[in-house]
Amino acid sequence: MTKKTLLEIFAIVGIFCLAGCAKKSYAQPFKPAAKISSAEEEKFGRVYQKMSGRAKEAICVAEENKAEFLKDLHTMLEEEKTFRADDKSLFFLIDKKHAASSSYVPKDLVSLEKNSLFDLNKAGMKIRPEAYSALNEMAQAALNDGIRLLVSSAYRSYSYQENLFNYWVSVDGLEQAERESARAGTSQHQLGTAVDFGSISDDFDKTQMGQWVYKNAANYGWSLSFPKGYEDVTGYRWECWHFRYIGKNACRFQQKWFGGIQQFMLEFIDCWKSMS
Ligand SMILES: [Zn+2]
């Protein structure tokens, strides 16, 4: 890639930033940026070019803060090494185009029934250990604010999801089912890191619990997966009840550089890892 092309790329990024980025403050700022190599800057340009149009608009990286972005990215990727290595990354990209195998089951799933901090709307629910700890931390914080969380769905096996999707097709037809339910192998619930809260309906957003979770989930590492107005990006209509555990650092990274859109950040990380 020529120097001129690179400059053009970063000029485009700068223009998008001027158009779309608002200055925000963060409770726990990342450390000051370190010096980043030109190879990394060049790689950023290549990954950025692979992103969708809407992702490019959302990515808030201008020429002058590119090094800061890359430093934050490395902070995240370093932290990822502290997650268990014998299971999928918490940043594993799973969507309508990226699937898990039918045999994939997260390791050491923890039953939610042991907890005393939140309610369950059915028996037998489990999640990954990292997500379990974070859920307890969030539930305790909610209790401190006078709200007791209700967990309505957690880990789903491939076959469970297959039956669920087929059920919704029989109820609503294929087109509507595709907007609200994942085909087997493409659900975040199979990863054991996604949780549905409350009524699993739009009404949840109007409840105290729904508002509390919406405002506070990211402080405990939980990210809203399918925000309003991004169906063309995520593949699913707004789901105010569905949150995925990605870790506190990733939630801050997502908010700081990707307009708070989980899908953009996970696509960027997936692409970054796949490129040399
Ligand atoms: Zn869900």
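1. Accessibility terms come first: buried means under 20% relative accessible area, exposed over 50%, and partly exposed in between, with a 1.4 Å probe and protein chains only. This is a predicted model, where local features need pLDDT of at least 70, side-chain atom pairs count only at pLDDT 80 or more, and totals for chains, interfaces and linings use all residues. Residues are numbered from 1 along each chain as its sequence is written, and side-chain values use heavy atoms, with hydrogens and water left out.

2. Salt bridges. The structure has 21 of them, each a side-chain nitrogen of Lys or Arg within 4 Å of a carboxyl oxygen of Asp or Glu. One of them joins Arg54 to Asp232, at 2.7 Å from N to O. Arg54 sits in helix α3 (residues 53–58) and Asp232 in helix α9 (residues 231–234), so this contact ties together parts that are 178 residues apart in sequence. Helices (H or I, at least four residues) and strands (E, at least two) are DSSP runs, numbered from the N terminus. Arg54 is partly exposed at 30% relative accessible area. Asp232 is exposed at 60%.

3. Glu78 and Lys81. Their side chains form a salt bridge of 2.8 Å, N to O. Glu78 is partly exposed, with a relative accessible area of 46%. Lys81 is exposed, at 60%.

4. Arg237 and Asp202. This salt bridge spans 3.1 Å, N to O. The pair links distant parts of the chain, 35 residues apart: Arg237 is in the loop between α9 and β7 (242–245), and Asp202 in the loop between β5 (194–197) and α8 (208–216). Arg237 is buried, at 18% relative accessible area. Asp202 is partly exposed, at 29%. Elsewhere, shared partners join Glu41, Glu63 and Lys66 into one salt-bridge network.

5. Cavities. How many cavities of 30 Å³ or more are there? The count is one. A cavity is a set of points, on a 1 Å grid over the protein atoms alone, where a 1.4 Å probe fits but cannot get out; lining residues have an atom within 4 Å of a point. Grid points are joined across faces, edges and corners, and the volume is the space filled by probe spheres set on the points. The largest cavity has a volume of about 40 Å³. Its lining residues are Lys88, Ser89, Leu90, Phe92, Tyr104, Arg128, Leu191, Thr193 and Arg244. By class, four of the lining residues are nonpolar, two polar and three charged.

6. Strand pairing. Two strands pair if DSSP finds at least two bridges between them. Strand β2 (residues 119–120) runs parallel to β4 (residues 150–153), over two bridges. Leu120 faces Val151 in β4. β4 and β5 are antiparallel, again with two bridges. Here Ser153 stands opposite Asp196 in β5.

7. Aromatic pairs. There are 17. Rings of Phe, Tyr and Trp (its six-membered ring) pair if their centres lie within 6.5 Å; planes under 30 degrees apart count as stacked, over 60 as edge-to-face and the rest as tilted. Trp222 and Tyr245 have ring centres 5.5 Å apart and planes at 55°, so they are tilted. This pair links distant parts of the chain, 23 residues apart, with Trp222 in strand β6 (residues 222–224) and Tyr245 in strand β7. Both Trp222 and Tyr245 are buried. Ring pairs also link Phe44, Tyr48, Phe69, Phe253, Trp257, Phe258, Phe268 and Trp272 into a cluster.

How values were computed: 1 Å grid on protein atoms, 1.4 Å probe; cavity = no way out; pocket = protein on both sides within 12 Å on 5 of 7 lines; lining within 4 Å. Nonpolar A, V, L, I, M, F, W, Y, C, P; charged D, E, K, R; others polar.
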